[in-house]
Amino acid sequence: MTEALNWWRTATVYQIYVRSFADSNGDGVGDLEGIRSRLDYLRDLGVDAVWLTPFYRSPMVDNGYDVADPRDVDPLFGDLDAFDRLLADAHERGIKVTVDVVPNHTSSQHPWFQAALASPPGSPERARYWFRDGKGDDGEQPPNNWLSCFTGPAWTRVADGQWYLHLFAPEQPDLNWANPEVVADFHKTLRFWLDRGVDGFRIDVAHGMSKPADLPDMDPRAMYNVVEHATYTDPRLNHEGVFELHEGIRRVLDEYPGTAAIGEVWTFDDEQMGQYIAPGRLHLGFNFRLALTDFDADQLRSAIDRSLAVPLRVGAPPTWTLSNHDVWRQVSRYGDGEVGLARARAMALVELALPGVVYLYNGEELGLPNGPLTEEQSTDPGGTSDMQGSRDVARIPLPWSGDEPPFGFTSGSQTWLPMPADWADRTVERQEADRSSTLWLYRDALRLRKSHPAISGDKVSWEDAPSGCFIMRRPGGLACVLNTSDELVDLPAGEVLLTSAQLQGGKLPPNSAAWVV
Ligand code: GLC
């Protein structure tokens, strides 16, 4: 029983970017019924759970991360009945369903924000957000120097001269979590979905929900340095008041045994990360180190060691992810083309050999690269320096079948982002028919990860390996060998379970990985 309740400690979770997974009604945008029609695909892939990106009522300025009603489904994606059907059918196949929730901000179309705009400064309606007077003689300058994580200042002025805070787009005003009404309403949202039967949540911007009451200036250098961010003062994010908020969320989830929450936590300060996932707080925290590390064995090894140390210390499972809807697809990060794909395949074996929880992003199992997009085609309000331009390049709809766009994604002729014609060889249909495809690599790896006794134990140890390579050993016996060098290398003695590329004369070629027991 306990093991069943602890499913989230070892799960492989598949992120579905709802707009881009599968479309059921021909409008070119993915939806809940589309997902339901593809559940067998997910079962065959072997994932334990899905994470659905926001499908709530929204004006879609940030593709649903601007929520106008968190307790209803946007008509673009279906309705509550469609959600219930999807949940029931997923559960029937043994797939858990976790949903994205967005506590840091609402849409500017949310009734609360509309009421705030219609109410005077100092009113209770404004106290749910961060309204402040500006600086300067006429209050014509923003209250502080905070920058939006997207672009420009984090403040927008309203007609009566006050300013409101938005860490993202102006259409995403930040909620004030010091206001008990905000806390209560979010807990109501959690219960709404828990009562319907969801298995957990992904908490958007979980590191941003609390702000210091006096809103001190930030060091603008913090904007352009994700990994070493902790070196600069940035009161926008990771404020100490946030932990208490996560304790409150945890108490709600504890009323529903077997559910779990993972926070989107952008911090590379190990101490701080440990605080987020300490007992009584978030079950899991996203660890973005792998997604931000180059294809280099030494750097990857140290990223893995650092990523493991924190959760081991506090008793939480480690988490891993190579990509999501906010970053470039790994094939493109690693150099695109054949090399990029080979490296992405190798990294899949590294990631799936690690202890803990793995988050896959839809399409990575097909080896998709970024899609080519012109500026006009991009809908993303959030292209920033650290995201390397529009995030939409990683959000192109999935190719399912056939030889030309829209590749079975939709019965219509248009897709919300254009699909590249040269994805014909990446469709699910083609890859299912090819035992050497990336899809089959993921299927094989996921099957072994779940069933092979050698893939077990909480830790990893490192064995001597040629330069540019590593040999990572799980206590259960699995060795994962990664070759980021330019040479063919020998494998350790044992049975080869799986390789990301064909061995050459028994040796592991560059840009590949192998599992040996
Ligand atoms: C998170 C989401 C991202 C969104 C932002 C604002 O970072 O992952 O897609 O734009 O929050 O909600």
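My entries below go from the ground rules to the ligand and then to the domains.

**Ground rules.** I am working with a predicted model, where local features need pLDDT of at least 70 and side-chain atom pairs count only at pLDDT 80 or more, while totals for chains, interfaces and linings use all residues. I number residues from 1 along each chain as its sequence is written, and side-chain values use heavy atoms, with hydrogens and water left out.

**Ligand shell.** I looked up which residues come nearest to the ligand, and found Asp-62, Asp-204, Glu-264, His-325 and Asp-326 among the 14 residues around it. Here I count a residue as near if one of its heavy atoms lies within 4 Å of the molecule. By class, I get 7 charged, 4 nonpolar and 3 polar residues in the shell. My classes put Asp, Glu, Lys and Arg under charged, Ala, Val, Leu, Ile, Met, Phe, Trp, Tyr, Cys and Pro under nonpolar, and the others, Gly among them, under polar.

**Polar atoms at the ligand.** I checked distances from ligand oxygen atoms to side-chain atoms. For Asp-326, a polar side-chain atom lies 2.5 Å from a ligand oxygen. I read 2.8 Å for an N or O atom in the side chain of Asp-204 and 3.0 Å for one in the side chain of Arg-202. The protein covers 97% of the 310 Å² of accessible area (Shrake-Rupley method, 1.4 Å probe) that the ligand has on its own.

**Domains.** I took the bounds from an automatic or database domain assignment, which gives domain 1 (2-105 + 180-445), domain 2 (106-174) and domain 3 (457-516). Domain 1 and domain 2 each give at least three residues to the ligand shell.

**Domain 1 against domain 3.** I find their centres, taken over C-alpha atoms, 28 Å apart. The contact (heavy atoms within 4.5 Å) takes 24 residues from domain 1 and 23 residues from domain 3. Between them the two domains bury about 1,900 Å², 72% of it on carbon and sulfur atoms; buried area is the accessible area (1.4 Å probe) that two parts lose on being put together, summed over both.

Key: A polar contact is a pair of N or O atoms within 3.5 Å; within protein, one must be able to donate a hydrogen and the other to accept it, and residues adjacent in sequence count only if both atoms are side-chain atoms.
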